[in-house]
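User: Can you walk me through the aromatic rings and the core here? Keep it brief.

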Amino acid sequence: MVMLFPVARTVLLIFVALNFKSLQWRLIGCSVVVAFLAADLPLARTGYMKFDNVFGAALGTTVLQAIRFLLLMRPMEEYRHDADKVPAYQLPFFQRCFWLFRMTSSPRGVGWSFRVKNGVVPVKPCHRTRPSFIASRLRWLFSHYFLLEAALLYTRYNPVYLSEASVTSQGYILQCLNVAAIPCQMYALITCVHSALAVLAVATHFSEPQAWPQPFGRWKDAYTVRRLWGRTWHQMVRRDLTLFGPHWPKHNPWDPVHNGDSSVSKPREREPWGRRYRRLCYAFICSACMHVCGDVLLQFRLWNDFSSFGPSGTTEVPNLIGYSAPYFLWQPVGVLVEEAVVGIGERMGLQESTWTRLVGYTWVWVFTSVTLVYSVDGLKNAVHISYLAGEGTGLPVTLIEVIVDRVFGVQLAPVISSWFSRM
C-alpha cells in the first residue's frame, strides 16, 4: 500500500510556509498538492472497507484545504494564535512550518483567532489538569471503542449488509438502526482517534488540555437539521466547507479593535437569510464533493479487484461514483423546509419549548433516516460487490465477542444471526 497522503500534507505546509505573493506560484503549489492526492486515490487502502471511504473523504478535505490556504486566503497574515508575539510570516521557515502544522491540526481554531464560537463543548473544569484529562479521554477512548465494535457486529451479522437488499427491507424500526450503523462507526472511530491524539499531545506537554474539547457537539443541540450539522456533526470541517463564503469582512487579527476576544469588539448584526442559506448550500456542495472522493477510492478498488480476481468474461464494472452525494444535497432542502415551518410557527405566536424541541428531534430523525437510505445502500452494495471474501472485513473476532465468550461462555455470532433470522 503506497500512501502519498502524508507527502501531500507536507508539501501543502511547505508551499503555504513559503508565502508566495504571486498567484501563479500559489496555483502551482495547489496543483502539486492535488496531483499527489489524485495519485494516491488508486493506491490507498486502509485494510477495512468502510474506512477506505472515510480515507477518500479525508483526501477530499485536503483538496479543499489546498484551495483555501493557497488560493483563497493567506493564513499566516489572517490568522493568529493566542500565544503569538509576532505575525507568523515573520518567523523563520521551519517555525512557520510548525506554526502551520499546529494551525491545520486545530480545525475548530481552539486558541486561535478563527475559533468556532458555536457548539464546541469545552473541557470540563474538573478535567483541566493533565492527569484528570488523560483519565477522562482514556475512558472516552475505551467506551467509544466498544461502541465501534458494537456497530461493526451489527453490520457484520445483519443479512441486509451481506446482500444487495435495501436497508428498508426489514421495516422502519430496523431501517433506522441500519442507516445509523455506518455513521455510528464513523462517529466512534473519529472519537477514538481524537481521544488517542489528545492523550498523546497532553501527556507529552505538546498542548494543554483546554486545546482538546470533544470532537463533536452536544446531541441535545441537534433539534433542527441546520443545528445537527452546524453545532453537532460538522465542527471539524466547518471552516473547510465554508471556504467559498460568503464571508464577513476580513480584519487584521493583530488589530486589538477587531480581536475576537476584545471587550471593545461590537456584536455582529444578524446576517440576511439569503446570505446564510447561500453559504449553507455551498458548504453541502463541498461536503458532497469531499465524500465523492471516497466513492472514487472505492471505484478504483473495484476496478482493481475485477481486473485481478474477477470472473472471466466480466465486461461491465458497476459504477459507484456519486452515491454519497444525494444525501448531502438533500440537506439544504431540509433546512429550507424547517425554517419555513419555524417562520410560520413564530407568526402564530409559538415559542420554543420542550415540546417544540421534541418535534424537532423527531423531524431530524425522520428526515435523516429517509434521506440517508440511498447513500447507505450504495456504500454497503459497493462493499458487497467490490471486496473479496474475507478481505477488508475488519478484525476476524471483536473484543466484545472475546469478552462475552470467556466471561459468559456465549458465542455472539450465532446469537446475533439467529436474532436477525427471527426478525
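**Rings and core**

Analyst: Ring pairs join Tyr 79, Trp 99, Trp 112 and Phe 114 into a cluster. Rings of Phe, Tyr and Trp (its six-membered ring) pair if their centres lie within 6.5 Å; planes under 30 degrees apart are stacked, over 60 edge-to-face, the rest tilted. This is a predicted model: local features need pLDDT of at least 70, side-chain atom pairs count only at pLDDT 80 or more, and totals for chains, interfaces and linings use all residues. Residues are numbered from 1 along each chain as its sequence is written, and side-chain values use heavy atoms, with hydrogens and water left out.

User: How many aromatic pairs are found in the whole structure?

Analyst: The search finds 24. One of them is Phe 216 with Trp 233. Their ring centres are 4.9 Å apart and the planes sit at 40°, so this pair is tilted.

User: Where do Phe 216 and Trp 233 lie in the chain?

Analyst: Phe 216 is in the loop between helix 7 (172–203) and helix 8 (225–233), and Trp 233 is in helix 8. They are 17 residues apart, so the pair links distant parts of the chain. Helices here are DSSP runs (H or I, at least four residues), as are strands (E, at least two), numbered from the N terminus.

User: Is Phe 216 buried or exposed?

Analyst: Phe 216 is buried, at 4% relative accessibility. Trp 233 is partly exposed at 24%. Buried means under 20% relative accessible area, exposed over 50%, and partly exposed in between (1.4 Å probe, protein chains only).

User: New topic. Which residues have the most contacts inside the largest nonpolar core?

Analyst: Trp 99, Leu 100 and Met 103, in a core of 76 residues. Such a core is a set of buried Ala, Val, Leu, Ile, Met, Phe, Trp, Tyr and Cys residues joined through side-chain atoms within 4.5 Å. Helix 10 (residues 273–309) gives the most to this core, with 9 residues.
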